[in-house]
Structure formats: C-alpha cells, structure tokens
Amino acid sequence: MRSSMVRVVFLHPDLGIGGAERLVVDAAVALRSRGCSVQIWTAHHDPQHCFSETLSPDLPVVCVGDWLPISICGYFHAVCAYFRMIYVALYLVFLSGVEFDVVFCDQVSACIPVLRLVRHRKKVLFYCHFPDQLLTQRHSLLKRLYRAPIDRLEELTTGMADLVVVNSQFTAGVFRQTFPKLVTIHLDILYPSLNTAAFDEEVDDLRGLVPEGRSVLFLSINRYERKKNLPLALRALAALKTRMSDARWEQVHLVLAGGYDERVAENVQHYEELRSLAVSLDLEEHVTFLRSFSDRLKVVLLHSSACVLYTPSGEHFGIVPVEAMYTCCPVIAVASGGPLESVVHGETGFLCEPTPESFSEAMERLATDAGLRVHMGQAGRARVLERFSLQAFADQLYAHVLSLAN
C-alpha cells in the first residue's frame, strides 16, 4: 500500500495542551509529512486552549460528544471519559462516513471494541502513556469497588489492539506489572519526539513578565495537578533562599507555567493552593504564575531560563525535559520514571531526590555557575538531536502504520 493511500484517524479524549496531546499532534504531523491522510477525532477541542497545529486546515480536527458530561457531581470522571470516547468511536464508525485504514488511539482503550464493529476490520495502534488505573487514588472501599470493573475493562480492551506501543522502558515495565494477562503482548517503545522547528524561532525577551534584575530564572512547566508535585518547586526555592546572599537572591525568580482548564476543579483548586503556599513561604515577589500560556511564550521562557525544574515522581516519560534540553536549558528532575531515560545526571542536568534540600542544592550550583549552565545546555541539545528527534520518531511511527495497513 502506498503511503499516500494510508488513511489514519487519531482518537483522543480531550485535545488540550498536555504532554499526551503534544504527542498526538506530533504523531499526526509526522504521518502527514509522510503522505498519510490524517484526521484527529476528539470529544473536546477548544481553539483558545490547544496547540497551534490543531488550528491549521492541514490537520483536520473533528469534535463530537462534547455535550456529554466530564463528571457527575464532581465524581465518576473515568466512567464519563469512557462513555465520551465510546461515543466518539460510535460516531466515527456508524455516522461519519469517514473511510480509514488505521486508528491511533491513546489514553482510553474502551473505544477499541467499537472499532471492531467496522464491516471490514481496521487495524488499531494503541499508544500507552501509562496505565489509566494507576493514575487515580483508591483510599476507600467504595472507590476500589467502583474502579474494579473499570480496571478489568482497561486490561481487556487494551489487549484487543493490533499493536501496543509505550513511551519509555519505564512504562513498559509498569505495563507488564499492571496487566499480567497481557504478558504475551509484544511492546514497542516509541519515545515522544520534539518538533525542533518550533523551538528554533527568534524569541522575544521577558520584559514585563518578570521583575527587572532577575537574571537567574527557574522555570516549571506542568499542568496544575497535585500529582505533578509543584509545591516541591516552591519549597526548593525557599530552601535556595537560605543558601544565598541577599544580593544574589534578588537575581533569582521562578515561573510556574501550567496547563489550566477552568472546567477541571483540580486545576482551579491547586492553582489557588500554590499561590497561598507562595505567600506563606514569603516568595510572592519571586514567583510568577502563568496559566495556559501560548506555544510562543513557552519557547521564550525556555530560551530565557537558567534551568527547568521538573517535579513529578514516577513520570511516564515527560516531554518538558526534552524541550528544555533542546533549548540548551539544563534540567533538574526527580530521579525516577521517564527522566532517568532522558536526562543524564551531571551531564545534561541533575537527577535528585524529591526533597527541597536536594533540589535547592542543584539549583544553587546552576544559579552560581554560568559555565556549568552553558556546558550542560550544549550537552542536552546534542542528546535530543541524537535520541529524540522528530525524524527518528516519524520514521518509527510510519513503519508501524505501514505494517498495520499492509
């Protein structure tokens, strides 16, 4: 089958501005560059809260089912997400009239059985960022009972995919432990990539965004979610303050930039919690909070920062450290999960224990040694070009799609 004839449909729950959404957009762009016909189907797409590529007519985005609830009285988020994606799949199969050869779906596997209802069976590639059942807490018996059938359904439907791909060696290991009945399934590792062209544009300065004289800028980019452990960045900054002279401290500033959706109660609540924490730590003059910033502003921030602080523990992969390294910005990350495969300790940044003391020690080294920042920045860029380029990602993904289509 010629590449120009391969018709690929992406199914994704909510096309916002998170790491999973970045991967989906990059995958769609990569396949389109190889001559594939590409569409993205989703239950939610807000033109004011999305990646710029999804606004281009060259990358069609079809949104159906946004009228369905994302929760019921603040509960049942998983069930609602499953129903929304099942609806999207039903609409695609029975009402859209769209012809396709391969479906790329991620996050919610419950839609895969619907895709099996097509008269002429289509192939399904499932990209596992991380098992969904591990992304929720279950402290009560009621919650465990609620999650039990959902967890079983996740394992069952994931196993129905023709090909399962994961984002890191770390996730592959977790997948094997979480889904013991899928031990015979072959897993391919497809590291998320970086569309480097978007980071090579000329950038503006940060005039007006941070106070004048703040020459050492630390940056955190993560959604406003509690699992991202953003308080660690604030407490590390407070610990750094105790390690520095007053004059040097006045040069330091932290920008907390995060994906923010006012429809999501946790985003709203955690944003306020972080602002309150900054006040209680007497840091409000040295912290800037940004919500749902533009792609261009992200590039400006990365190019202007002395270091990126990456605070989640057990992160599946994490594209932010890769973005930082490409812009010659060293990374301080928790020594677990995906950063163990992207960041090289002592060479492109520091891998630390998730404590304010450990982070602040690494922050002090980078804040006081401009030569170290330059050396680590150059090493980080070289690593991204070698391991995480869009070219390598596109080649591997395209090979998977062709093998399924044929």
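User: Before we look at any residue, what does buried mean here?

Analyst: Buried means under 20% relative accessible area, while exposed means over 50% and partly exposed lies in between. Keep in mind that this is a predicted model. By that cut-off Lys228 is buried, and Glu315 is buried too.

User: Thanks! How are the side chains of Lys228 and Glu315 related?

Analyst: They meet in a salt bridge, with 3.0 Å from N to O. This pair ties together distant parts of the chain, 87 residues apart: Lys228 sits in the loop between β8 (216-221) and α6 (231-243), and Glu315 in the loop between β11 (307-310) and α10 (320-326).

User: How many salt bridges are found in the whole structure?

Analyst: The search finds 23. One of them joins Lys241 and Asp282, whose closest N and O atoms are 3.7 Å apart. Lys241 belongs to helix α6, whereas Asp282 is in the loop between α8 (265-280) and β10 (287-291), 41 residues away.

User: Which residues do salt bridges with shared partners join into one network?

Analyst: That network consists of Asp132, Arg138, Arg147 and Asp151. Now look at Gln133, which lies in the loop between β5 (123-128) and α4 (141-158). Gln133 is in contact with several residues beyond its neighbours within four places in sequence, including Arg138, Arg147 and Asp151.

User: Which side chain does Gln133 join in a polar contact, and why is Gln133 called buried?

Analyst: Its partner is Glu154, at 3.1 Å. Gln133 is called buried because its relative accessible area is 14%, which is under the 20% cut-off.

User: Let's turn to empty space. How does one find it?

Analyst: The idea is to roll a probe the size of a water molecule over the atoms, which shows where empty space is left. In this structure, the second largest pocket holds about 240 Å³ of space. Among its 15 lining residues, Ser52, Glu53, Ala198, Asp295 and Val299 are the closest to the centre.

User: Which element gives the most to that pocket's lining?

Analyst: It is α9, with four residues. Both α1 (19-33) and α9 (295-304) supply two or more.

User: And what classes of residue make up the lining?

Analyst: Sorted by class, the lining of the second largest pocket has eight charged, five nonpolar and two polar residues.

Definitions and conventions: Residues are numbered from 1 along each chain as its sequence is written. This is a predicted model: local features need pLDDT of at least 70, side-chain atom pairs count only at pLDDT 80 or more; totals for chains, interfaces and linings use all residues. Side-chain values use heavy atoms; hydrogens and water are left out. Buried means under 20% relative accessible area, exposed over 50%, partly exposed in between (1.4 Å probe, protein chains only). A polar contact is a pair of N or O atoms within 3.5 Å; within protein, one must be able to donate a hydrogen and the other to accept it, and residues adjacent in sequence count only if both atoms are side-chain atoms. Contact means heavy atoms within 4.5 Å. On a 1 Å grid over the protein atoms alone, a cavity is a set of points where a 1.4 Å probe fits but cannot get out, and a pocket is an open set with protein on both sides within 12 Å along at least five of seven lines; lining residues have an atom within 4 Å of a point. Grid points are joined across faces, edges and corners, and a volume is the space filled by probe spheres set on the points. Ala, Val, Leu, Ile, Met, Phe, Trp, Tyr, Cys and Pro count as nonpolar, Asp, Glu, Lys and Arg as charged, and the others, Gly among them, as polar. A salt bridge is a side-chain nitrogen of Lys or Arg within 4 Å of a carboxyl oxygen of Asp or Glu.
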